[in-house]
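Please look over the structure shown here.

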Amino acid sequence: MPIPQVLRNRDFDLYWGGVVLSQIGTRGAIAANLYQVYELTGSTAQVGLVGLAQAVALLVLSPVGGIYADRLDRRMLLQVTQAVALLVSVGLAAVTLADAATVWTVVVSSLLATAAATFDQPARQALIPALVPRDRLVEAFALLNPSRELAVLVGPAFAGVLIAIGGPGAVYVFDAITYAVLVVVLALLRVPPLISRDKHRSLLESLREGVHYVAHRPVIWQLMGLDMTATVFGAYRVLLPAFATDILHVGATGYGLLSAAPSAGALIGSLWVFRLVRTARAGRVVLWGTASYGLAVVGLAQSRVFVVAILMALALGAADAVATTVRHAAVQVETPDGLRGRVSAIYQMCSRGGPAIGDSAMGLLAGALGPVIALTLGGLVPAAVSAASAVRSRTVREYSVPGPEPATP
């Protein structure tokens with residue numbers, strides 16, 4: 001397979017490498033947070049405080065992060081957020097290595113790191129169109145989106161090795177180093193500064209403008225709706241322990257493999273998307289990907305053989321990666337540069353808030369109906385919604401990610 005054109009872009013290569021390394025450090029730090037709280041308390045309930053802190057920071061601050069991504073120079077904003085996260089990691093590393101860490105030290109550190117990330121993520125997404133041409137955006141997201149899955153696979157595993165060698169403090173030192181690397185990488189990028197006409201508006205007015213834009217762009221809110229449908233109704237991760245233990249009877253080792261399979265599938269899916277977007281309309285790729293995700297979730301729910309369950313988990317990860325890549329690229333292309341931060345923040349609330357809502361809803365439904373029926377019904381929803389969207393509306397079905405803009409004479 002030839003090297004994608006986007007990888008011949010010096011600035012994108014630097015950015016992609018820095019982001020991948022930073023995400024590996026972040027995922028490793030989260031795993032270390034969870035391990036450290038359990039090590040300190042022996043309580044799974046208190047371990048849940050880490051996730052609660054992350055959710056609070058995400059839902060409260062994401063809109064504000066999007067607003068400032070449209071008001072400030074995005075590279076500078078990213079450097080500041082990475083520096084803040086670096087200081088948090090250094091502080092937690094120092095306290096941990098001094099054997100003075102408490103549960104609240106870890107929880108507050110997680111809150112602060114996630115708060116920095118809520119300002120980081122919209123700017124990180126909105127910066128990409130300044131690095132690559134419009135016709136290469138899908139390729140760019142096809143590389144950047146799976147980096148999260150790569151981080152999910154590599155980060156916690158590497159954290160386990162570092163914890164065995166030097167305890168959680170060693171993980172936090174590594175995390176701080178990755179933040180420092182990304183700060184340097186950002187300084188090396190050649191990015192035109194953002195010219196904002198929004199600096200003198202109130203935060204509420206700025207947010208209202210972003211919401212108004214999304215509401216009046218059917219292709220954007222319909223793509224976000226498909227994302228929410230998949231993540232809320234197809235929330236499978238919360239039920240994997242029950243499937244591994246009570247249905248497949250594969251224990252902790254099998255659970256680990258089943259949990260990792262979707263991320264491995266996403267890496268495979270990222271290879272397909274390069275070919276798919278050149279041979280089919282992008283909107284149809286999204287619809288087929290979302291429907292395939294739902295059907296793979298149903299297949300996982302109905303699996304009684306471990307190998308089949310692994311194959312279904314690989315398939316849903318691949319389908320999700322294909323659909324997500326095109327959705328992200330489409331939202332960035334369809335949004336003016338001055339609004340990209342706010343629109344990215346709204347999308348972030350859907351893409352990251354949806355799984356949190358889905359976990360809660362699917363957990364309650366599984367408690368009432370059992371995990372098999374709950375997940376089967378949940379998986380049918382995104383498949384049905386995708387089919388209905390394909391039949392009833394041309395907005396997504398006929399959508400194509402625009403190519404390069406014509407040169408100015």
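**Questions on a predicted model**

Visitor: Is Thr376 buried or exposed?
Guide: This is a predicted model, in which local features need pLDDT of at least 70, side-chain atom pairs count only at pLDDT 80 or more, and totals for chains, interfaces and linings use all residues. Residues are numbered from 1 along each chain as its sequence is written, and side-chain values use heavy atoms, with hydrogens and water left out. Buried means under 20% relative accessible area, exposed over 50%, and partly exposed in between (1.4 Å probe, protein chains only). Thr376 has a relative accessible area of 15%, so this residue is buried.

Visitor: Which residues is Thr376 in contact with, leaving aside its neighbours within four places in sequence?
Guide: Thr376 is found in helix α14, residues 371-392. Helices (H or I, at least four residues) and strands (E, at least two) are DSSP runs, numbered from the N terminus. Contact means heavy atoms within 4.5 Å. Beyond those sequence neighbours, the contacts of Thr376 are Val298, Ala301 and Gln302.

Visitor: What separates the C-alpha atoms of Leu339 and Gly210?
Guide: Leu339 lies in the loop between α12 (306-333) and α13 (340-369). Its relative accessible area is 9%, so Leu339 is buried. Gly210 is 129 residues apart from Leu339 along the chain, and their C-alpha atoms are separated by 6.4 Å.

Visitor: How many helices does the chain have?
Guide: Of the 409 residues of the chain, 50% count as buried. The secondary structure has zero strands, and the helices come to 15.
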